[in-house]
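Subject: A structure for you to look at

Hello,

Here is the structure I promised to pass on to you. Have a look at it first, and then read my notes below.

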Amino acid sequence: VSNQARVDLEENITSDNREIGIFYSDNTSGTVRLNDCSRNGNSGIWIQDQVQVTMEENTCSTNGSNGIVFTGNTKSVARQNVSSNNLGAGFVVSEQAEPLLEENMCTNNGSGISFYDFAKGTARGNRCSENENGILLLGQSQPLLEGNISTEISQSGFYYSDKAGGT
């Protein structure tokens, strides 16, 4: 989905694709709900640029890299999604992205939620379990973290490095 399109995607299966299951870029908007984006070569869902979508109750599992990616300047919302068994992170927030991540489940990924670069946004009430790292903050990322639970982690529940901060 690109340019200035407004597209709602509900109850789709986007699996076994070479790269990405669902991709939004440019100035698009819409709702992404109840989709299964699994076993893709790269990521389940990729949101970039100025995109503003609301994502709810999607499943992104067993992808070659990450479950759900927010990059560029997006200010999207991800609520009650499940991201599991991905080689990379359950959720990636990079560049200047500022999403709201709320009540998501991240299980058995490289990391549950990873913030990079200058990313901000809010992670609230997420459950990260059985990952290498629960919530990872690198670069100069400055997210707001509230009420997240990180359990059964093999390395760090919350990991801050470089000049990362936030509250």
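Before we start, one term: a polar contact is a pair of N or O atoms within 3.5 Å, and within protein one of them must be able to donate a hydrogen and the other to accept it. Please also keep in mind that this is a predicted model.

With that term in hand, let's begin at asparagine 126. A polar atom of its side chain lies 3.0 Å from the backbone oxygen of leucine 101. Asparagine 126 sits in the loop between strand E14 (122–124) and strand E15. Is asparagine 126 buried or exposed? Its relative accessibility is 0%, so it counts as buried. Leaving out residues up to four places away in sequence, asparagine 126 touches several others, among them Leu101, Glu102, Ile113 and Ile149.

Next, the sheet. Strand E15 (residues 127–129) pairs with E18 in the parallel sense over three bridges, and isoleucine 149 in E18 is the bridge partner of arginine 127. These two strands belong to an open sheet of five strands with parallel pairing, in the order E6-E9-E12-E15-E18. Which strands are at the edges? They are strand E6 (59–61) and strand E18 (149–151), each of which pairs on one side only. On average, neighbouring strands of this sheet are turned by 10° against each other, direction ignored. As background, strands of a sheet pair through backbone hydrogen bonds, either parallel or antiparallel.

Now the inside. In soluble globular proteins, nonpolar side chains tend to be buried together. Here, the largest nonpolar core has 27 residues, and Ile45, Met55, Phe70, Leu101 and Phe115 have the most contacts inside it. At least two residues of this core come from each of several strands, including strand E2 (20–24), strand E5 (52–56), strand E7 (68–70) and strand E13 (111–115). Phenylalanine 70 itself touches residues such as Ile47, Met55, Phe91, Pro99 and Leu101, not counting residues up to four places away in sequence.

The side chain of arginine 79 makes a polar contact with the side chain of glutamate 102, at 2.9 Å. Not counting residues up to four places away in sequence, arginine 79 also touches Met55, Glu57 and Asn104, among others.

Asparagine 3 has a positive phi of about 60° although it is not a glycine. Asparagine 3 lies in the segment before strand E1 (9–10) and counts as exposed, at 54% relative accessibility. Glutamate 57 also has a positive phi, near 55°, and is a residue other than glycine. Glutamate 57 is in the loop between E5 and E6 and is partly exposed, with a relative accessible area of 40%.

Finally, the whole protein. How many helices and strands does the protein have? There are zero helices and 19 strands. The radius of gyration is 14 Å, close to the 15 Å that the globule rule gives for 167 residues, so the protein is as compact as a globular protein of that length. Its C-alpha atoms fill a box of roughly 35 × 25 × 25 Å along the principal axes. Buried residues make up 50% of the 167 residues.

Enjoy exploring!

Best wishes

Conventions:
Residues are numbered from 1 along each chain as its sequence is written. This is a predicted model: local features need pLDDT of at least 70, side-chain atom pairs count only at pLDDT 80 or more; totals for chains, interfaces and linings use all residues. Side-chain values use heavy atoms; hydrogens and water are left out. Two strands pair if DSSP finds at least two bridges between them. Helices (H or I, at least four residues) and strands (E, at least two) are DSSP runs, numbered from the N terminus. Axes are lines fitted to C-alpha atoms, for helices over the stretch in contact, and angles run from 0 to 180 degrees between N-to-C directions. Buried means under 20% relative accessible area, exposed over 50%, partly exposed in between (1.4 Å probe, protein chains only). Contact means heavy atoms within 4.5 Å. A nonpolar core is a set of buried Ala, Val, Leu, Ile, Met, Phe, Trp, Tyr and Cys residues joined through side-chain atoms within 4.5 Å. The radius of gyration is taken over C-alpha atoms; the globule rule is 2.2 Å times the number of residues to the power 0.38.
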